[in-house]
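Biologist: Please put the coordinates up, and I will ask about them piece by piece.

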Amino acid sequence: MSEQQTELSKAQQYNFNKLQKRIRRNTGQAIADFNMIEDGDRIMVCLSGGKDSFTMLDILLSLKKSAPVDFSLIAVNLDQKQPGFPEDILPRYLESLGVEYKIIEEDTYSIVQDKIPEGKTTCSLCSRLRRGILYRNAKELGATKIALGHHRDDIIETLFLNMFHGGKMKAMPPKLVSDNGEHVVIRPLAYCREKDIIKYADLKQYPIIPCNLCGSQPNLQRQAIKQMLNGWDKQFPGRIETLFRSIQNVVPSHLADYELFDFKSIDRDSGVINGGDIGFDKEEFNDVSPADDIGVQAFEPGEMLNVTQID
Ligand code: SF4
């Protein structure tokens, strides 16, 4: 903890501890639910220098101390040679933590500038290159898992991006096999709220590296969805939690994807499937209270819940 943090008032310290506990518990819960970390794993923690990846590393280091399984962490940053990238920040920070780390230097910035005509979006080529480099390094470093710092709000935003612009009900999985088929990618912050991470990063005073060094414009479609979700969060507290719960509670027989669910085989002998047709009934929902759900109060009185193998 930095000098400034040691000067936190008692009330601030109490709130910080509560926040840290909540992020730890939500992370531990996601790790357990998706079996993200197993005995002997060597986790490559991708560190961009943003609030999310700093928080992820911090929480994984903290969970490692009390986890019932033995795993190791290696923090990895890719220096893409963007103009003004402050090269000394991450090594200094990581050395102060005493964590194993590697800074990879690859000038993807010039490649992207070279290949993409001015005014066109650079992100897809940039992220493809970055992904390839990270996968290659994960192999060289003997990493068994690659951890990314996406959180619950990223997952929900991606769902809406895909629905609004891609015609697909598809979000961002907490655990997946990489597109080259060689790695398991995990998102330990999948249950953590962005607003908690913002507060936490602020209190921890991480040496954040700005994310606009490449000069790319923010994704306007994502920004619009973020705004919509933030508006809902203010107007209807609990809605975002309910939305996230719906991603974990999918009923394929009541959607219309005939490749996902075998509608063709339904006949009178199939019996009632998932409650049958209540399409014409007056719908009544007991809104999931924010207090009932992950990411809000649910794990505050943690003693009530046997949350995780790892926490
Ligand atoms: S914002 Fe910049 S660094 Fe990030 S993916 Fe896009 S081009 Fe690459």
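Biologist: How far apart are the end C-alpha atoms of residues 48-53?
Modeller: This is a predicted model. The unreviewed UniProt entry annotates residues 48-53 as a short sequence motif, the PP-loop motif. The span is 50% helix and 0% strand. Its end C-alpha atoms lie apart by 6 Å.

Biologist: Which strands are the edge strands of the open sheet?
Modeller: The sheet has six strands with mixed pairing, in the order E3-E2-E1-E4-E6-E5. On average, neighbouring strands are turned by 25° against each other, direction ignored. An edge strand here pairs on one side only, which leaves strand E3 (101-105) and strand E5 (175-177).

Biologist: In which sense do strand E1 and strand E2 pair?
Modeller: Ile43 stands opposite Leu73 in E2. Strand E1 covers residues 42-46 and strand E2 residues 72-79. Over five bridges, their pairing is parallel.

Biologist: What angle does the direction of helix H6 make with that of E2?
Modeller: Helix H3 (residues 51-66) lies across E1, E2 and strand E4 (145-147), and runs at about 155° to E1. Helix H6 (residues 123-140) also packs on the sheet, where it touches E1, E2, E3 and E4. With the direction of E2, that of H6 makes about 145°.

Biologist: How is helix H7 oriented to H10, parallel or perpendicular?
Modeller: The axes of H7 (residues 152-166) and H10 (residues 239-247) come within 10 Å. Arg152, Ile156 and Leu159 of H7 meet Ile240, Leu243, Phe244 and Ile247 of H10; by class, these are six nonpolar, no polar and one charged residues. The axes cross at roughly 70°, so H7 is, relative to H10, roughly perpendicular.

Methods
Residues are numbered from 1 along each chain as its sequence is written. This is a predicted model: local features need pLDDT of at least 70, side-chain atom pairs count only at pLDDT 80 or more; totals for chains, interfaces and linings use all residues. UniProt positions are given in the numbering used here, feature names are shortened, and annotations may be inferred rather than shown by experiment. Helices (H or I, at least four residues) and strands (E, at least two) are DSSP runs, numbered from the N terminus. Axes are lines fitted to C-alpha atoms, for helices over the stretch in contact, and angles run from 0 to 180 degrees between N-to-C directions. Angles under 35 degrees count as roughly parallel, over 145 as roughly antiparallel, 65 to 115 as roughly perpendicular and the rest as oblique. Two residues are in contact if their C-beta atoms, placed from the backbone, lie within 7 Å. Ala, Val, Leu, Ile, Met, Phe, Trp, Tyr, Cys and Pro count as nonpolar, Asp, Glu, Lys and Arg as charged, and the others, Gly among them, as polar. Two strands pair if DSSP finds at least two bridges between them.
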